[in-house]
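Please look through the sequence and the three-dimensional model shown here before reading on. The paragraphs after it are meant to be read side by side with the structure.

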Amino acid sequence: MTRPVSRSAIVWSIVRKDLAEYGRDKLWAFLTVMVLVVVVVLFWLLPDDVNESISVGVSGLNDPSALATLQAAEEGLLLVPFESAQDLEAVVAGDAAAWHGDGYTIAIANDAADEPPNGAERISTSIGIAFPEDFFATTAAGGSAAVTVYIDAAVPDEVETAMTSLVRELAYAAAGDELPVDTLAADQIFVVLGEDRVGNQASARDGFRPVFVFLILLMEMFVMASLIAKEIHDRTVVAVLVTPATIGDVLAAKGIVGVLSGMAQAVIVLIAIDSLAPQPALILMLMLLGAVMVSGTAMLAGSTGKDFMSTLFTGMLYMIPLMIPAFAALFPGTASAWVQAMPSYPLVQGLVNVSTYGDGWAETLPELGVLLAWCVGLFAIGWLVLKRKVQTL
Amino acid sequence: MNPTRILTVLRKDLQLGPRSPIFLWVLMLPLLITLVLQVTFGNLFEPDPRLGVVDQGASTVTTAVQQIAGIELTILDDVEELKTKVEANDLDAGLVLQAAFDADVRAGTKPPLEFYVGGESLASNRIILAVTAIDLVREVEGRPPPVAVNVVAIGDEGLPISVRLVPFIVMYALLVAAVFLPSFSLADEREKRTLAALTVTPVKLSEVVTAKGILGFLLAGAMAIVTLWFNGALTAQPLALIVVLIVASLLLVEIGLIYGTASKDITGVFTLIKGTGFILLAPTLFYIFTNWPQWIAKLFPTYWVINPLYEVTINDAGLGTVWAELVIALGVIALLAAVVVAFTRRLRFKLAMT
């Protein structure tokens, strides 16, 4: 005498069994917690701002207004006034430390016992421009001045070239030589295209946010793949199939476990790295689709793996291409076409657009659509491959 | 210990080993990491400013930009394409030079300068590209500047990031071959009970462990040389390189043998590697981030093989420069050898009890 059992009850029983197995596997439990902790700690260790300025020490410009005018005109330069060219050279050479206070900078030689002034902040500069004291007077009178640029040999070539050009342009301006071209804008030589993000650039923390979140999902892929491989290797899945459970129930349960555990970890990380705030529902939707996608991939990897090592290896083969879009997001600009063709690209790009640029549902619809298509495709392939594998046991 | 029996076990491992995925890891990972780090991500740490130019004539400005080191130049045909790329942050800035740009500048008719910068470009890149572009336009004008600029370069040039990554990549090659291979191989044999089966033959456990160590040692040396060659870092000091690689491989093989003999299965080895891998690789980070306090690197045991490797491969140092560090490394090796012996005895006891 048996009473009929609903499919959902069977699936739920298998889900509970899988979750219990997951919890019992000490290695994966340890790795899951470790990756969660490492990701969160690393995220908060990353810098939250972007240094957009080139620090340049300047000597010889005794007129503070000249320095202020120069600073205002040249966004991207951080000008630090020095008393003398000798101080400047010593600081650039690393023989002295520069201490900057309110309107002054002093250089204290490394071997000197002098204490820095109260409230002064230590600054470093690898470029120094030593103007002669009569620089403006000479050039304005039509003469030729001599300027020395001290530059650390490690400074990139393009910066060295730009500093030389900057000095020449200052001299032209002092001499009253107008630009030999007409600029598009009245107050600066360039026109900014797109939203001007100077002072508000995406930081390393912003850049790595989708990488870390996606890493968590990939970790979940390994766990799922390993559990599936273990079930196949130990043939426990065959034992489950002699009960009223069907292959469909088993696969549905695997999918649910993968999505649940992936989502749970992703949500923990998103909260811990303070990334849910801008669009919580949209970010959770992206993560849900991402979790479905990695569950499908885990079914693929798990059905081909025989043991821990082979599962790990197969998982790596799937992980590397899926990771590429996450790392590509660290680089400025549009990703190459082949990167955009990766299944994980819409997920990563969606996360970048929402978390960094504040996109909403309407702007993210294309990514959601493509991601959904990939999810359905990968999950279906994973389902079919795993089903076939189980049937052959 | 009988060399013939060790060779027999070694031969068996060489024949059966390639069936294991770990062998493929040993062969593929160093090359893959080289590719990923050097080709793809070498640029991440030190990105060059990116300038696009649409030259509708044959301006000397374009030729001059091509000759400036450190500016990534892209020449495009279409102004709209240039503007799209600049706006999408595929370029930091874009310059449009009209058909008779040079002639108009020289004639003093002030042609328009179409210079666009992307909203996401860094302020530092904007100023680099803007002042450089203006300076080049001034050169077209042909008038001598009212200033003489004397550039004084101070100190050493420093090493590019691609070179500073080499210790990490080589260390990883050594790690995979010298640590992963013997440890996983031992744990796998223990898990599958073939290790217990071997011990009922005349082969002693110490001989099996030694054979695994030799396999890791040989592959580590080979993969380190291949990786160095792949990274263009094979040194002019072959003797010093061989000595350093022998010492480095020995030290890491011993760590692998400790992992292998201490773990009861593969998952145990994996946990050990995941938990301690950072300690083994940590000194390599100090070559990438040169502004970190360098003395911290010396606290890690692997520093004493990584630094000689760095000095010999990157700075072409000879044995005379690195002998002191190698002596310390040999001291670490002697200590680890005692641990390997102790763990092998412990393993023999455990196998006898099962």
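How are α9(A) and α14(A) oriented to each other? Before the answer, some ground rules: this is a predicted model, in which local features need pLDDT of at least 70 and side-chain atom pairs count only at pLDDT 80 or more, while totals for chains, interfaces and linings use all residues. Residues are numbered from 1 along each chain as its sequence is written, chains are lettered from A and ligands numbered from 1 in the order in which they are written, and side-chain values use heavy atoms, with hydrogens and water left out.

In chain A, helix α9 (residues 247–272) packs against helix α14 (residues 361–391) at an angle of about 135°, and their axes lie 10 Å apart. Axes here are lines fitted to C-alpha atoms, for helices over the stretch in contact, and angles run from 0 to 180 degrees between N-to-C directions; helices (H or I, at least four residues) and strands (E, at least two) are DSSP runs, numbered from the N terminus. The two helices α9(A) and α14(A) are therefore oblique to each other, given that angles under 35 degrees count as roughly parallel, over 145 as roughly antiparallel, 65 to 115 as roughly perpendicular and the rest as oblique. On the side of α9(A), the contact (heavy atoms within 4.5 Å) is made by A:Ile247, A:Gly248, A:Leu251, A:Ala252 and A:Gly255, and α14(A) contributes A:Phe379, A:Trp383, A:Leu386, A:Lys387, A:Val390 and A:Gln391.

Chain A as a whole holds 14 helices and nine strands, and of its 393 residues 50% are buried, where buried means under 20% relative accessible area, exposed over 50%, and partly exposed in between (1.4 Å probe, protein chains only).

Elsewhere in chain A, three strands form an open sheet in the order β4-β3-β5, with antiparallel pairing; two strands are said to pair if DSSP finds at least two bridges between them. The edges of the sheet are β4 (105–109) and β5 (121–123) of chain A, each of which pairs on one side only, and the twist from one strand to the next averages 40°. Helix α4 (residues 85–93) of chain A packs on this sheet, where it touches β3 and β4 of chain A, and its direction makes about 115° with that of β3(A).

Strand β3(A) can be followed towards each of its partners. With β4(A), the antiparallel pairing runs over five bridges, and A:Ala96 stands opposite A:Ala109 in β4(A). The strands β3(A) and β4(A) form a hairpin with four residues between them, and A:Gly103 in the turn has a positive phi of about 80°. With β5(A), strand β3 (residues 96–100) of chain A pairs in the antiparallel sense over three bridges; there A:Ala98 faces A:Ile123, and A:His100 faces A:Glu121. Four of the five residues of β3(A) are buried.

A:Glu83, in the loop between β2 (77–82) and α4 of chain A, counts as exposed because its relative accessibility is 62%. The C-alpha atoms of A:Glu83 and A:Ile106 are separated by 7.2 Å, although these residues are 23 apart along the chain.

Chain B has 15 helices and five strands, and 53% of its 354 residues count as buried. Its helix α11 (residues 205–230) packs with helix α15 (residues 319–353) at an angle of about 130°, their axes being 10 Å apart, and α11(B) and α15(B) are therefore oblique to each other. In this pair, B:Leu205, B:Ser206 and B:Val209 of α11(B) meet residues of α15(B) that include B:Val340 and B:Leu347.

Two loop residues of chain B complete the tour. B:Arg193, between α9 (166–191) and α10 (194–198) of chain B, has a positive phi of about 65° although it is not a glycine, and B:Arg193 counts as exposed because its relative accessibility is 61%. B:Asp316, in the loop between α14 (303–314) and α15 of chain B, is partly exposed, with a relative accessible area of 41%.
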